[in-house]
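Please read this briefing beside the sequence and the structure. It begins with confidence in the coordinates, and then turns to helix contacts, a strand hairpin and points of backbone geometry.

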Amino acid sequence: MAFSALQREQFAQKIWEQELDLLVIGGGVTGCGIALDAASRGLKVALLEKTDFAWGTSSRSTKLVHGGLRYLKQLEVALVREVGLERAVAYHNAPHIVRPEKMLLPIVEGGSLGKTMSSIGLWVYDFLAGVQKEERRKMLSAEETIVAEPLLRTDILNGGGLYYEYRTDDARLTIEIAKTAHKFGATLLNYAPVTAFIYENGKICGAHFTDLISGQTHQCKAKKVVNAAGPWVDGVRKLDVQDPAHARPPKRLHLTKGVHVVVPRERLPLRQSAYFDVLKDGRMIFAIPRGKVTYIGTTDTNYKGSTEHPVCTKEDVDYVLAAANYMFPTVKLSPADVVSTWAGLRPLIHEEGKDPSELSRKDEIFHSSTGLISIAGGKLTGYRKMAERIVNDVCKQLGQNTACRTEKMPLGGGDFDSEAAMQKYLETRYGEVSQIGLKAEHINDLFFKYGRQTDTIIERAFELYPHEENPIRRLQMAEAWYCIHHEMSCTLNDYLIRRSGRLYFERQTLGNLFPDAAEDMSVILGWPEEKKYRELAAFKREFDEVISFKENAGEKDLKEASAKD
Ligand code: FAD
């Protein structure tokens with residue numbers, strides 16, 4: 001059965017009619033990783049997601065598969081080693097969405113690290129992650145650093161370091177993990193919040209959930225339940241009413257908000273990504289060129305507002321732009337340059353008296369007296385190891401002795417042995433599509449999202465839409481078709497925000513495209529006119545929201561400030 005939005009009812013039925021070994025709550029990277037690990041070990045698994053896969057933090061990160069250089073400063077050596085090693089695994093399994101990214105670390109007067117400490121830090125970073133010789137760090141003099149990045153300010157520059165990280169699309173990584181879990185027999189359903197637990201002799205043995213698309217409520221039976229609800233982990237723990245500690249567990253979450261600001265690439269035309277000091281508070285932020293834009297971030301501020309709707313405020317934008325303008329003084333970015341933004345919440349574990357940036361990024365597992373297993377904290381990059389730990393725990397409790405199989409498991413569309421094999425695939429496709437009026441850039445656009453699955457999109461474009469004369473439009477129609485039939489896209493937001501990443505990275509051209517996309521989806525999903533208008537309105541809200549700091553900045557700041565008090 002394909003991972004299709006048109007099969008939702010069958011998926012829901014499969015979830016309620018069998019007794020599961022494992023029910024996973026939450027369809028972010030953590031939950032999907034757990035579902036994949038467990039299903040590939042042969043467990044009967046279901047995953048319920050209250051909104052869409054990757055709708056939470058897993059579509060709003062810095063989109064780096066990285067070891068976290070700054071955690072070295074906090075002496076989190078084990079964490080840096082684990083996620084550092086995981087970078088190579090993620091790249092190997094999904095080379096189309098985890099791409100090597102050269103990163104420049106300018107060393108400046110008053111910055112976090114001096115020349116010697118940067119050199120040692122980057123060496124340790126490479127060493128812990130077992131980085132290949134050709135990708136190891138290279139230290140630069142001030143003159144060489146300016147050649148590497150002419151936009152840098154020179155008056156405080158002492159040198160630089162060039163090293164490698166990996167860039168990704170967090171939401172696409174999550175959806176490919178979900179699709180691979182589905183291939184191994186897991187049943188995953190989006191728009192299906194868990195609303196209550198079912199108990200037998202004081203132990204959780206299942207849950208109630210609602211299918212928000214059909215409006216039906218169901219219950220399912222499961223031997224084990226894992227709560228991987230990210231920033232909502234404490235909310236799900238509160239549903240565990242037979243656990244005496246449910247209302248106030250001994251360890252709780254500490255949410256911090258991080259925003260990213262997107263500007264046209266020509267307004268910040270960096271030669272490579274940069275990781276630089278914000279001198280006023282000792283933090284560091286990234287500036288990452290991607291396609292036609294460069295995005296900058298992130299912030300790290302305590303957050304007590306609505307978890308459903310964190311937004312990027314004027315204050316956030318000012319902070320990020322001031323930092324970029326200080327380090328790259330000739331660009332003079334202003335809020336008018338910002339074309340998109342996003343804001344995400346870090347589900348960190350609270351530690352008394354610590355500031356947001358000092359809180360550990362390590363994951364922790366909590367067991368309730370009723371058998372609920374909750375996991376919080378961690379990084380996108382470490383999702384596979386987090387999943388391995390949880391599933392080892394679950395298997396032990398189930399009395400099963402199975403080993404993790406995900407280390408060398410290609411994710412959807414990523415089964416390439418080498419960069420050369422990928423290049424060969426691309427070149428063959430460039431040749432084929434040039435005969436039908438398409439260019440290499442159109443193939444690249446699809447390939448670095450869907451990998452080898454690009455073939456299905458091209459085939460469907462010509463099979464299903466022969467009446468459409470414009471080949472680019474045909475591809476767009478087929479992409480929407482693919483995201484519905486193979487990626488469980490149920491709404492326009494699923495498609496335009498999380499499957500195709502267009503809202504954040506292509507917002508400037510999206511104004512013309514989104515009404516067509518709504519029409520394409522409504523034909524396939526059989527939406528009545530009224531539903532189509534609701535979808536358009538829901539997308540338009542998101543479309544406006546990402547730059548809402550420009551109009552009603554004062555009001556938004558006020559709302560968030562009062563929530564903080
Ligand atoms: P989420 O992605 O939030 O998923 C939890 C899901 O649970 C949500 O989709 C939610 O809808 C669902 N849910 C909640 N309640 C219920 C319910 N009752 N029933 C069903 N479902 C429910 N990590 C990196 O490795 N690299 C980075 O570059 C990076 N940058 C970051 C930048 C920022 C600003 C932030 C905030 C984080 C960053 N991280 C990064 C960390 C990383 O993004 C997170 O660790 C990771 O995405 C968390 O995933 P998750 O699955 O645990 O949570």
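**Confidence in the model**

- Over residues 553-558 pLDDT stays under 50, and for this stretch the model has eight contacts beyond four places in sequence.
- Residues 560-565 likewise form a stretch in which pLDDT stays under 50, and here too the model has eight contacts beyond four places in sequence.
- Where pLDDT is low, predicted coordinates should not be read in detail.
- This is a predicted model, and for the protein as a whole the mean pLDDT is 93, with 97% of the residues reaching 70 or more.

**Helices H2 and H7**

- Helix H2, which covers residues 29-40, and helix H7, which covers residues 170-183, have axes that come within 8 Å and cross at roughly 25°.
- Because angles under 35 degrees count as roughly parallel, H2 and H7 are therefore described as roughly parallel to each other, and the crossing of H2 and H7 is left-handed.
- On the H2 side the contact is made by Val 29, Cys 32, Gly 33, Ala 35, Leu 36 and Ala 39, which meet Thr 174, Ile 177, Ala 178, Thr 180 and Ala 181 in H7.
- Sorted by class, the contact of H2 with H7 has eight nonpolar residues and three polar residues, with no charged residues.

**Helices H12 and H13**

- The axes of helix H12 (residues 440-450) and helix H13 (residues 454-464) come within 9 Å, and they cross at roughly 130°.
- H12 contributes Ile 443, Leu 446, Phe 447 and Tyr 450 to the contact, while H13 contributes Thr 454, Ile 457 and Ile 458.
- The residues in the contact of H12 with H13 divide into six nonpolar and one polar, with no charged residue.

- Strand E8, at residues 194-200, pairs with strand E9, at residues 203-210, in the antiparallel sense over six bridges.
- Within this pairing, Tyr 199 stands opposite Ile 204 in E9.
- The hairpin has two residues between the strands, and Asn 201 takes a positive phi near 50° in it.

**Backbone geometry in two loops**

- The peptide bond that runs from Gly 297 to Thr 298 is cis, with omega near 25°, and Thr 298 lies in the loop between strand E14 (293-297) and strand E15 (301-302).
- Ala 54, although it is not a glycine, has a positive phi of about 70°, and Ala 54 lies in the loop between strand E2 (45-48) and strand E3 (64-65).

Key:
Residues numbered from 1 in each chain as written. Predicted model: local features only at pLDDT ≥ 70, side-chain atom pairs only at ≥ 80, totals over all residues. Heavy atoms only, no water. pLDDT = per-residue confidence, 0-100. Contact = heavy atoms within 4.5 Å. Axes fitted to C-alpha atoms, helices over the stretch in contact; angles between N-to-C directions. Helix = DSSP H or I, 4+ residues; strand = E, 2+ residues; numbered from the N terminus. Parallel < 35°, antiparallel > 145°, perpendicular 65-115°, else oblique. Left-handed = near helix turned anticlockwise from the far one by under 90°. Nonpolar A, V, L, I, M, F, W, Y, C, P; charged D, E, K, R; others polar. Pairing = 2+ DSSP bridges.
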